[in-house]
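Have a look at the model first, then work through them in order.

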Amino acid sequence: MLHLRLLVPADRTEEVVRLMETTVGTAHLAVLSGAARDPVGDVVLCDVAREAGDELIGGLRRLGIDECGSITVENMDLTLSKRADRAEEDAPGEGADAVLWEELSEVTHEESTFSVTYVSFLAVATMLAACGVMLDNAILIVGAMAVGPEFGPLAGISTALVQRAPRLVARSLWALIGGFAVAMVMTAGFAWLMDVFGLFTRDMVDADRPNTAFIWKPDWMSFVVAFLAGVAGTLSLTSAKSGALIGVAISVTTVPAAANAAVAFSYSDYQQTVGSVQQLLANLGGIILAGTLTLLLQKALWNVQRTRKPPADTPGASVRT
């Protein structure tokens, strides 16, 4: 279930309440008249089944409540109520399959910002991966993958393409390209500094490195893994399964490939540099393609599920077609 808290001008409360009462899947409607102070108005509370949440939020935005008041949505982990159970039964579709597009857009927007924190995480992850590839240490590679924040902009691009939001596409591309550019430049400088102290050597670059050599030798399996990871990562975002997203982060060699490209370039090993960049592009392309197709499929399947009519005795059933 989702919990909605609205601040509504008093003269708009009636139409908001009417919308909630006629939306299948709602429960626990409460109106606190005159309780809002900024903006002045009423506070309207309501619970709604997740599968009906996108429709209700969309209806509220069409009424302009997000402009004249506010709409706050919270996920509820536990609701003990027969009315809530009935609301979930009446709402068409399954909650696990529902995509809250407003929530997804907001999350990807926040995680696709070219900020100091974002660049810092990406740079640290890339430098950590540089240590991993030079030492041929798979544990350090996995750690670097988990630290890297690059899935946010990748998901932002996929979401923006499906939602046809060119500004979010541009914002996400800037965060992705700009972030990796800065991280790779910083990692090249880091490699130079490590070489000065004798911690990195040319021999380490030329070594066989059986545990990490795959990073700069892309093949079709690289694309397949990235594609599957993109599907899993997108599903984890739409279903709020953060644990699955961590699994995705440690399965794709985006950050290690960027690290190896930077280190190899600093030692003028252009063969490894080119191979690492190809690996990086294959992974990024696979994730974006998979994420976009997954969202399109989810959208299509959800539209099919929502065509199921609610029971005749369900409040609001008469207004659905």
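**Exercise 1.** Work out how many disulfides the cysteines form.

*Solution.* Start with the rule: a disulfide is a pair of cysteine sulfur atoms within 2.5 Å. Apply that and the count comes to 0 disulfides. Cys68 has 28%, so it is partly exposed; Cys131, at 17%, is buried.

Some ground rules: this is a predicted model, where local features need pLDDT of at least 70 and side-chain atom pairs pLDDT 80 or more, while totals for chains, interfaces and linings use all residues. Residues are numbered from 1 along each chain as its sequence is written, and side-chain values use heavy atoms, leaving out hydrogens and water.

**Exercise 2.** Classify the ring pair Trp220 and Phe223.

*Solution.* Rings of Phe, Tyr and Trp (its six-membered ring) pair if their centres lie within 6.5 Å; planes under 30 degrees apart are stacked, over 60 edge-to-face, the rest tilted. The structure has 5 aromatic pairs. For Trp220 and Phe223, the centres are 6.0 Å apart and the planes sit at 85°, so call the pair edge-to-face. Now the exposure: Trp220 is exposed at 69%, and Phe223 is partly exposed at 25%. Finally, ring pairs join Trp220, Phe223 and Phe227 into a cluster.

**Exercise 3.** Find the average pLDDT of the chain.

*Solution.* pLDDT is the predictor's confidence in each residue, from 0 to 100. The chain averages 86, with 89% of the residues scoring at least 70.

How values were computed. Buried < 20%, exposed > 50% of the residue type's maximum accessible area, 1.4 Å probe, protein only.
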